[in-house]
Amino acid sequence: MAGTTRKLSADYLVVGAGAVGMAFVDSLLEESEATVVMVDRRHAAGGHWLGAYPFVRLHQPSRYYGVNSTPLGGEERQVDGPEAGLYERAGVAEICAYYDRVMRERLLASGRVRFFPQCEHTGDRRFVSRLSGETFEVEVRRRIVDTGFLAPAIPAESPPRFEVDPAAWCVTPSQLASLDRHPDGYVVIGAGKTAIDVCLWLLEGGVDPDAIRWIKPREAWLLNRRFFQPGELVGDLLEGLARQMEAAAAATSAEDLFVRLEAAEQLRRVDPEVRPTMLRGATVSDWEIERLRRIRGVHRLGHVRRLERDRIVLEGGSVPTAPGELHVHCTAGGLVQPPPVPIFDGDRIALQPIRLGLAPFAAAITAFVEIHRSDDRERNRLCPPTPSPNTDLDWARATLNGMRADHAWSQEPDILGWLDRARLNPGSGLAARAGEPQVQDAMRRFVEHVRPGLGRLAEIAG
Ligand SMILES: Cc1cc2nc3c(=O)[nH]c(=O)nc-3n(C[C@H](O)[C@H](O)[C@H](O)COP(=O)(O)OP(=O)(O)OC[C@H]3O[C@@H](n4cnc5c(N)ncnc54)[C@H](O)[C@@H]3O)c2cc1C
């Protein structure tokens with residue numbers, strides 16, 4: 001009811017029930033008797049996935065996404081299709097259903113979590129229902145947990161970063177999936193993961209590659225999915241890390257480092273003629289690269305400034321278009337993160353990535369450290385924030401930071417034990433496979449090159 005304030009109390013107030021908030025609370029329940037109030041302005045748990053375009057899938061295996069306690073899907077390896085042999089990747093419908101189930105059957109069923117959807121946290125431990133106007137005030141016994149640091153901006157909720165003439169036809173990827181007439185051609189605007197998804201989806205839907213034009217302000221380095229496999233394929237994960245450290249140890253410059261990483265099959269790029277400067281951590285398979293190369297109409301004139309009826313004005317010039325051409329806006333910021341702050345700070349926890357690209361994992365280990373360590377300085381030593389990368393050099397810094405955290409964890413027996421059983425850790429179960437020849441070989445090379453490799457990365461990353 002508007003005008004009244006309901007008082008609540010809990011150990012933690014968690015703002016955001018996206019992937020990060022869910023993984024944190026799940027881990028907190030596992031490690032403690034804590035009680036939690038969760039708030040989200042959306043109608044359910046799942047965060048940005050609830051607003052995502054219908055053809056998006058995880059770009060990493062489901063097996064290490066979600067929350068620690070509950071598998072996402074069958075966690076099987078694919079038996080057919082272009083990625084046969086690799087672990088399956090959930091689509092958005094499965095991900096949303098998963099978070100709904102985890103909320104009901106795990107978090108709420110624990111009796112220690114209360115969830116308030118459709119509520120806006122207004123700061124100062126207060127939130128207000130967007131439906132009834134009722135105001136809530138929470139007495140927080142331990143901490144407020146802010147998940148906003150990692151929240152990605154998505155096209156469905158972010159206007160294009162350019163002017164659009166009303167006579168031009170411009171849609172979001174979500175709207176693309178419900179067209180009622182087919183366009184004369186497509187112009188995909190953006191160079192990130194969303195644009196890649198849109199291009200692949202159009203090609204899969206039978207669109208002629210020559211009917212697609214792609215506006216790419218930058219070229220991206222993409223991580224090779226084959227080396228980000230868990231479970232039975234964890235030897236490949238270790239092989240990838242060994243190759244990365246070999247490449248880093250031998251690198252003579254930043255440019256040479258990325259040439260070596262590509263030669264070692266760790267990085268991929270769509271256009272072999274263009275040196276990428278962007279690296280945001282998206283993973284791809286070689287079949288996707290091969291398909292994307294069929295699109296030959298690529299414009300590299302910087303960012304779009306204005307979309308007019310008959311032309312597209314970019315930073316470096318303009319290209320023609322027409323009212324019958326459909327422009328797909330893939331220019332939301334994605335994972336753009338403010339400068340890092342300490343994760344543990346007084347009465348707050350600001351959840352941030354620790355290892356590159358593993359947001360739910362970072363949230364889960366942060367909850368473990370919150371419960372099993374008593375001093376914030378020690379907690380922050382074990383959980384150094386790692387900003388999501390934007391450029392190739394950011395990736396070098398993030399890798400360095402993540403490996404330093406790994407080293408710190410390797411000195412702590414309880415954390416090592418947690419890492420080996422945590423499903424959100426891609427390397428979990430490695431100990432049981434330590435006798436496999438591939439694992440032994442990769443481990444030997446990793447150990448040999450990790451010190452010089454990290455030393456060179458530190459020099460290169462400045
Ligand atoms: C298309 C796409 C695909 C991706 N694929 C992968 C992948 O395969 N693997 C991977 O690891 N990562 C992937 N990511 C990255 C992904 O964003 C993170 O893994 C993670 O899902 C981010 O979750 P989050 O909880 O930080 O953010 P969100 O999902 O945005 O959740 C934050 C929540 O907080 C709520 N909130 C914020 N402020 C307030 C407030 N004041 N009051 C109330 N509620 C508030 C929001 O409503 C939101 O629901 C992908 C991202 C995108 C956009």
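View 1. Leu223 has Thr283 of β13 as its bridge partner. What we're looking at is a predicted model, where local features need pLDDT of at least 70, side-chain atom pairs count only at pLDDT 80 or more, and totals for chains, interfaces and linings use all residues. Numbering starts from 1 along each chain as its sequence is written, and side-chain values use heavy atoms, with hydrogens and water left out. Strand β11 (residues 222–224) runs parallel to β13, and two bridges join them. (Strands are DSSP runs of E, at least two residues, and helices are runs of H or I, at least four, all numbered from the N terminus; two strands pair if DSSP finds at least two bridges between them.) Zoom out a bit and the sheet is an open one of three strands in the order β12-β11-β13, with mixed pairing. β12 (267–268) and β13 sit at the edges with a single partner strand each, so one side of each has no neighbour in the sheet.

**View 2. The four-strand sheet, with β7 at one edge.** Here's another open sheet with mixed pairing, this time of four strands in the order β7-β15-β16-β17. β7 (163–164) and β17 (317–320) are the edge strands, each pairing on one side only. The link from β7 to strand β15 (residues 304–307) is parallel and takes two bridges. To find that link in the view, look for Glu163, whose bridge partner in β15 is Arg306.

**View 3. β6 and the strands it pairs with.** Strand β6 (residues 135–146) pairs with strand β1 (residues 5–15) in the parallel sense, over 10 bridges. Thr5 makes a handy landmark, with Thr135 in β6 as its bridge partner. Strand β20 (residues 348–350) also runs parallel to β6, joined by three bridges, and Val145 has Ile349 of β20 as its partner.

**View 4. The β5–β6 hairpin turn.** β5 and β6 make a hairpin, with five residues between them. Check out Gly133 in the turn: its phi is positive, at about 85 degrees.

View 5. From the side chain of Asp40, a polar atom sits 2.7 Å from a ligand oxygen atom. Tyr65 has a side-chain N or O atom 2.6 Å from an oxygen atom of the ligand. His59 uses its backbone instead, with a polar atom 2.8 Å from a ligand oxygen. The protein covers 91% of the 980 Å² of accessible area that the ligand has on its own (Shrake-Rupley method, 1.4 Å probe).

View 6. (Ala, Val, Leu, Ile, Met, Phe, Trp, Tyr, Cys and Pro count as nonpolar, Asp, Glu, Lys and Arg as charged, and the others, Gly among them, as polar.)

**View 7. The second largest pocket.** This pocket has a volume of about 440 Å³. (On a 1 Å grid over the protein atoms alone, a pocket is an open set of points with protein on both sides within 12 Å along at least five of seven lines; in a cavity, a 1.4 Å probe fits but cannot get out; lining residues have an atom within 4 Å of a point. Points are joined across faces, edges and corners, and a volume is the space filled by probe spheres set on them.) The pocket's lining runs to 19 residues, and nearest its centre are Arg57, Arg89, Glu204, Trp287 and Glu288. α4 (193–204), β13 (283–284) and α7 (286–292) each supply at least two lining residues, and α4 has the largest share with six. By class, the lining splits into eight nonpolar, two polar and nine charged residues.

**View 8. The cavity.** A search of the whole structure turns up one cavity of 30 Å³ or more. About 40 Å³ of space lies in the largest cavity. Its lining is made up of Ala191, Ile196, Trp214, Lys216, Glu219, Ala220, Leu222 and Val270. By class, that's six nonpolar, no polar and two charged residues.

Note on methods. A polar contact is a pair of N or O atoms within 3.5 Å; within protein, one must be able to donate a hydrogen and the other to accept it, and residues adjacent in sequence count only if both atoms are side-chain atoms.
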